[in-house]
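Colleague: Hi! I'm new to this one, could you walk me through it?
Modeller: Happy to, let's bring it up on screen.

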Amino acid sequence: MSDRATRILLVIGAGAAATVALAAPGTLAALAAPSSLAPVIAHNAGMLAGYGAAVMLVMMSRWPLLENAVGADRLARWHATGGRTFLVLALMHAIAAVQGWAQVRRIAVLPALAEVLGMPGLIAATVATALFLFVAAMSIRAARRRMSYERWHLTHLSVYAAVGLSFGHELAGPDVAGNRAAQITLSLLYVYAYVLVLRYRVISPVWQAFRHRMRVVRVSREADGVVSIVVRGRRLGELSPRPGQFFRWRFLTARTWQSAHPFSLSAPPIGEFLRLTVKELGPGSACLQRIRPGVRVVTEGPYGAMTAERRTRPGVVLIAGGIGITPMRALFETIGAAPGRLTLIYRATSVRDIVFRAELDEIARRRGARVHYLVGPSSASANRMDAANLTRLVSDLRDRDVYLCASPRLAEAVREAVREAGVPRAQFHEEVFAF
Ligand SMILES: Cc1cc2nc3c(=O)[nH]c(=O)nc-3n(C[C@H](O)[C@H](O)[C@H](O)COP(=O)(O)OP(=O)(O)OC[C@H]3O[C@@H](n4cnc5c(N)ncnc54)[C@H](O)[C@@H]3O)c2cc1C
């Protein structure tokens with residue numbers, strides 16, 4: 001993990017510690033009472049869930065500072081883990097609060113639940129919890145596989161409403177009510193999170209659409225089911241796109257306007273031109289195979305931390321699996337390295353799947369770099385992504401920066417191989433084409 005990502009995790013952890021400190025008076029009072037642990041759990045889990053909801057919003061706001069420091073794929077993984085943790089905390093809070101109330105009132109759990117629901121803001125908070133549970137159920141792998149990304153994404157949007165619904169309850173909770181500083185801090189945190197979401201998820205794409213007025217100018221076939229799309233826009237320099245980064249692209253045709261897909265730049269940006277290369281992997285990318293010049297494009301970005309700025313060593317190895325070649329192609333042309341210190345390892349299932357072969361060979365010749373095409377079944381010993389094979393291809397692997405972009409399965413194998421080969425963690429930079 002990069003230093004910046006570690007620092008961000010530390011900040012999140014410090015916020016969680018401050019939240020627990022805020023709940024300390026309630027915790028101490030509950031501990032002093034001769035009852036069970038339920039009120040202690042209710043206080044702390046509730047406060048942490050409230051804090052966690054705001055952190056989740058910030059994580060998914062597409063704030064460039066976070067996306068570029070952590071990487072969109074890792075942020076999505078943090079969000080998934082954070083989401084599960086949040087849900088457990090919210091449920092612990094709800095169960096412990098009812099249990100605690102039943103003990104205080106010396107009544108059974110069901111009447112206690114009825115009384116709790118009658119408290120201010122509790123119906124809204126319960127609806128919010130039901131929405132969170134619904135979204136969590138839709139995100140379980142088996143359920144998610146059955147639905148399109150767009151539909152899943154739409155269900156996920158209900159989280160914004162759920163967080164809003166639960167906010168009143170958080171402000172009225174026993175740890176925050178009456179504590180003006182805590183109320184202001186929590187409110188500011190939520191306002192900040194929603195402003196980030198609005199700024200980067202809504203205003204930014206609209207602004208980019210009007211400011212840069214991008215249109216498709218050329219579409220060319222690279223291989224079976226793979227096309228390169230060249231987009232032209234105005235004032236693209238203001239976006240400072242860098243090789244290794246990606247945009248979320250929305251093509252404004254009747255069939256494609258509804259979803260913005262992430263695609264990397266497959267060539268360094270030149271003046272008013274950007275190039276992306278799309279492999280057909282599902283309905284959205286299939287439509288893009290037939291896109292025509294003239295189509296308007298709305299973008300969000302650029303995003304991504306897998307850029308030349310991550311360099312720590314003079315030598316570089318780029319490893320690409322399948323369509324993961326796209327950001328590597330852009331980096332291969334531009335990343336600084338002396339002749340003989342730049343190597344690209346490109347894993348493809350068959351010769352027909354190789355894209356950019358002529359471009360890659362030409363760049364290698366021009367830059368004095370090496371390209372290794374590992375083509376064919378994974379069972380072939382020459383194609384194995386293990387430490388022995390990688391060090392056979394690049395003898396000074398340990399002394400180089402390693403950039404990786406591949407499917408989750410291949411990425412897992414390379415991660416393991418690179419670790420085994422002794423490449424320090426700080427020299428390893430990756431992006432997985434999956435959120
Ligand atoms: C950072 C990043 C960079 C990428 N760069 C490239 C590239 O340069 N070239 C390329 O061909 N592919 C790239 N991909 C993959 C590409 O985004 C997906 O293949 C494409 O979105 C699939 O959409 P679909 O409707 O065709 O397929 P579906 O069958 O709907 O989806 C296939 C997979 O893509 C995911 N996906 C679908 N839509 C989206 C979306 N809007 N946002 C995020 N994930 C989505 C789904 O979760 C699923 O796992 C990249 C992915 C990421 C995360």
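Modeller: One term before we start: the bend at a residue is the angle between axes fitted to the seven residues ending there and the seven starting there. Also keep in mind that this is a predicted model.

Colleague: Okay, so where does α9 bend, and by about how much?
Modeller: The bend in α9 is at S166 and comes to about 30°.

Colleague: How many residues does α9 have, and how far does it reach?
Modeller: Helix α9 covers residues 149-172, which is 24 residues. From its first C-alpha to its last it reaches 37 Å, close to the 34 Å expected at 1.5 Å a residue.

Colleague: What caps its N-terminal end?
Modeller: That's S148. A side-chain oxygen of S148 lies 3.1 Å from the backbone nitrogen of R151.

Colleague: Which residues of α9 are buried?
Modeller: They are W152, T155, S158, V159, A162, V163, S166, F167 and E170. So S166, where the helix bends, is on that list, because a residue counts as buried when its relative accessible area is under 20%.

Colleague: And what covers those buried residues?
Modeller: The cover includes α3 (38-59), α7 (122-139), α8 (141-145) and α10 (180-212).

Colleague: Switching topic: which residues touch the most other members in the largest nonpolar core?
Modeller: That core has 35 residues, and the ones touching the most other members are L66, V70, L75, W78, F132, V163 and Y190. The elements giving two or more residues to this core are α1 (3-22), α3, α4 (64-70), α5 (72-105), α7, α9 and α10.

Colleague: Which of them gives the largest share?
Modeller: α3 does, with ten residues. There is also a second, separate core of 28 residues, and its members include A223, M328, L342 and Y373.

Colleague: How many aromatic pairs are there?
Modeller: The count comes to six. One of them is F86 with F132: the ring centres are 4.7 Å apart and the planes sit at 75°, so this pair is edge-to-face. The pair links distant parts of the chain, since F86 is in helix α5 and F132 in helix α7, 46 residues apart.

Colleague: Are F86 and F132 buried or exposed?
Modeller: Both are buried. Another aromatic pair is F167 with Y190, which is tilted, with 4.7 Å centre to centre and 40° between the planes. This pair also links distant parts of the chain: F167 belongs to helix α9 and Y190 to helix α10, 23 residues apart. Both F167 and Y190 are buried.

Colleague: New topic, the backbone. Which residues does the cis peptide bond join?
Modeller: It joins G301 and P302, with omega at about 5°. You'll find P302 in strand β6, residues 296-303.

Colleague: What about phi at R106?
Modeller: R106 has a positive phi of about 55°, although it is not a glycine. R106 sits in the loop between α5 and α6 (109-117).

Colleague: Is R106 buried or exposed?
Modeller: Exposed, because its relative accessible area is 75% and the cut-off for exposed is over 50%.

Colleague: And what is phi like at S240?
Modeller: Phi of S240 is near 45°, again a positive value in a residue other than glycine. S240 is in the loop between β2 (226-232) and β3 (246-251). With 46% relative accessibility, S240 counts as partly exposed.

How values were computed
Residues are numbered from 1 along each chain as its sequence is written. This is a predicted model: local features need pLDDT of at least 70, side-chain atom pairs count only at pLDDT 80 or more; totals for chains, interfaces and linings use all residues. Side-chain values use heavy atoms; hydrogens and water are left out. Helices (H or I, at least four residues) and strands (E, at least two) are DSSP runs, numbered from the N terminus. The expected span of a helix is 1.5 Å times one less than its number of residues. Buried means under 20% relative accessible area, exposed over 50%, partly exposed in between (1.4 Å probe, protein chains only). Contact means heavy atoms within 4.5 Å. A polar contact is a pair of N or O atoms within 3.5 Å; within protein, one must be able to donate a hydrogen and the other to accept it, and residues adjacent in sequence count only if both atoms are side-chain atoms. A nonpolar core is a set of buried Ala, Val, Leu, Ile, Met, Phe, Trp, Tyr and Cys residues joined through side-chain atoms within 4.5 Å. Rings of Phe, Tyr and Trp (its six-membered ring) pair if their centres lie within 6.5 Å; planes under 30 degrees apart count as stacked, over 60 as edge-to-face and the rest as tilted.
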